[in-house]
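Here's a quick briefing to read alongside the model. Have the sequence and the 3D view open as you go.

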Amino acid sequence: MAFIHENIILPLSDILSGESVHMHLKDLRKAEQWSASQLHDYQKAKVKQLLTYVATEVPFYKDWFHDHNINPAEITLEQMPIVSKDLMRQEGIGRFTAEHFPINQRIASRSSGSTGEPFSFYVSREAYSVNTAAKLRTWYQAGYRLGDRYMKIANGARHGKLKKIQDRVNNCLYVPFYSVDDDALRAILDLIDCQQPKFIRSYPMPLFLLARYRNTHAGYSCVPKHIMTTGSTLPDAYRQEIEHAFGCDVIDSYSCEGVPNTYETPVHNGYQVCGYYGIAEVLDGDGRPVNDGVGRVVGTDLWNLAHPFLRYDTQDLVEVRGGRIIRIMGRECESLVDTGGRRYTVHNFVGFFQEDNRPTRQSVDAYQVVRRRDGGITFRLVVNNQYSKTIERYIVDYWQEQFGKPVGIELVDSIPLMHNNKRLTIVDEE
């Protein structure tokens, strides 16, 4: 079955969609055998072509090379300016779009808007194909084969007719996730048991909510081969809850516009970056490479000629060890710094509220940390009947000692998911 899907159905799908996933999947398999020097030479050649291309096709870079009187053939990637989403908005997206790229070879796309700030851009069909092939190749390493039944739990209904056909052909069960009430969670879990998918893919938050319900309600039996998470950070407490509920490994991934596909290895020894697709730099606040410690991801897409992303500052924080990404920490803006300079991310708060040895585990159902304009911190909490003033005092005392700032509590009925099934852990009112 896998042979038929990969060698007959996938090529036919490429013909119908105008994509080239099958070809790039084969190329990726060959690239896996490259030595480090071969990969470096490949990336160096792609960067050289890309710099020459943007110097003649992309208005922002045409002006930059002209204003600095630089020949694109005489510059390295590291000498190029770092760009950001804010800069693109300020300049106008058209300034970063290739002027003569064929309209029928580009796909309209947009960022997920996890911080409430989505923006639109174009992806070339070839870049989309390479991206898809890279995802497939990573899934292959986890035991997936084309034709295996998998479930994708995502926000909103599937509208495109071609996408619906591809789902059917690829044995993908697409499940929209609209709400978090018990009826919705139970319905999805019942569907999982009925369909018995080998793989499940979704954002961490919906999976965590499903897992928490399943862990407290007996009778569910489906044990997938793997669960794949994507789209937002995966705290350790979420991973533990999901793995306990479904009885299988969670393999995390990180993706963002302009950044090569980055997936956790099946043996959980860090994240692997698809160097065939692009280059991911990890830099400190001064733009210097980070080999050990925490830095932000700056990505270069080697394939998207419709809207080239060169040294794109994602504002996403990762931890690296020996140059290898070992932990995805989340948005740089979605973190808090105490008076001693220590940084707290979503992982710290998830651990505090979900660890078994803390009283918050059984009494707080949902939470959000708000950095107020006056510099203080407020915890918005959805609580149950096990919550008490003693627990509230415990939360306030603990975090006031950590932050060295006033901490308040606001009890609310709910903290809704955003349109993309993500929930901001940290909100900045400043």
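What is the strand order of the open sheet of seven strands? The order is E5-E4-E6-E7-E8-E9-E10, with mixed pairing. Keep in mind that this is a predicted model, where local features need pLDDT of at least 70, side-chain atom pairs count only at pLDDT 80 or more, and totals for chains, interfaces and linings use all residues. Residues are numbered from 1 along each chain as its sequence is written, and side-chain values use heavy atoms, leaving out hydrogens and water.

**The sheet**
- Strand E5 (172–176) and strand E10 (271–273) sit at the edges, each pairing on one side only; strands are DSSP runs of at least two E residues, and two of them pair if DSSP finds at least two bridges between them.
- On average, neighbouring strands here are turned by 20 degrees against each other, direction ignored.
- Strands E4 (residues 150–154) and E6 (residues 199–202) run parallel and are joined by three bridges.
- Lys 152 has Arg 201 in E6 as its bridge partner.

**Helix H1**
- Ile 15 lies in helix H1 (residues 2–17); helices are DSSP runs of H or I with at least four residues.
- Ile 15 counts as exposed because its relative accessibility is 66% (exposed means over 50%, buried under 20%, with a 1.4 Å probe and protein chains only).

**Helix H10**
- Glu 241 belongs to helix H10 (residues 236–246), and it counts as buried because its relative accessibility is 7%.
- The side chains of Glu 241 and Asn 215 are joined by a polar contact of 3.0 Å (a pair of N or O atoms within 3.5 Å, one able to donate a hydrogen and the other to accept it; residues adjacent in sequence count only if both atoms are side-chain atoms).

Conventions: Axes fitted to C-alpha atoms, helices over the stretch in contact; angles between N-to-C directions.
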